[in-house]
Amino acid sequence: MNVLIIYAYPNTTGYTHAIFTNVKQGAEQQNKVKIIDLYKENFDPVLVFNETKKRRNMQFDEETANYREQILWADHIIFLFPIWWGGMPAILKGFIDKVFSKGFAYTYKGILPVGLLKEKSAWIITTEDSPKWYKKLFQQDYGTVLKKQVLHMCGIKQVKHFSLSSLRSLNEEQRKKFLQKMLKKSSELTK
């Protein structure tokens, strides 16, 4: 299976990076894996429209062509990022705005959206300092937003979400357990 990991975290010594390392290692056991590391690639998240760059032509934009090709190549897409201020990192939001464009990821039939990436599956893996109860009561979970409002609209209906809450208060054993879980789950990825 072709697995694409879209990774949005700048700290190469942080816990989210350790999750990335385990997911990559596990996925590579039985699959072909490609990585889009948004920070390492210095991805420019700023969306620009002007006389030469029109929103209606985003699916043809040369700046993001390589990313669209990688998404088309993938059978399974893994998004891995921390939740900051109740949302995904701006670099990932900009990536979605620029790459998951109309005509590439979705279109409309009348007023209804039609997903164009239907044959794909996805995982969303998020980390956050907020406790799970706080997230449920006071803030929208951007892993769920990505799942329901972006991926489902693009036709990707098979989506699993792994979320690790209260990261700051977890002990070493709890952290190791989640890393082992991610390694195991990713090593079991098959078509």
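Which residues point one way from β3, and which the other way? His 76, Ile 78, Leu 80 and Pro 82 take one side, Ile 77, Phe 79 and Phe 81 the other, and all are buried (under 20% relative accessible area with a 1.4 Å probe, protein chains only; exposed is over 50%). This is a predicted model, where local features need pLDDT of at least 70, side-chain atom pairs count only at pLDDT 80 or more, and totals for chains, interfaces and linings use all residues. Residues are numbered from 1 along each chain as its sequence is written, and side-chain values use heavy atoms, leaving out hydrogens and water.

- Strand β3 covers residues 76-82 (strands are DSSP runs of E, at least two residues; helices are runs of H or I, at least four; both are numbered from the N terminus).
- Seven of its seven residues are buried, so β3 is largely enclosed by the rest of the structure.
- Strand β1 (residues 2-7) runs parallel to β3, joined by five bridges (pairing takes at least two DSSP bridges).
- Leu 4 stands opposite Ile 77 of β3.
- β6 also pairs with β3 in the parallel sense, over seven bridges, with Trp 123 as the bridge partner of Ile 78.

**Helix α6**
- Arg 175, Phe 178, Leu 179, Met 182, Ser 186 and Ser 187 are buried in α6.
- They lie on the same side of α6 because they cover an arc of only 165 degrees around the axis (taken from the directions from the helix axis to the C-beta atoms).
- On the other side of α6, Glu 173, Lys 177, Gln 180 and Lys 184 are exposed.
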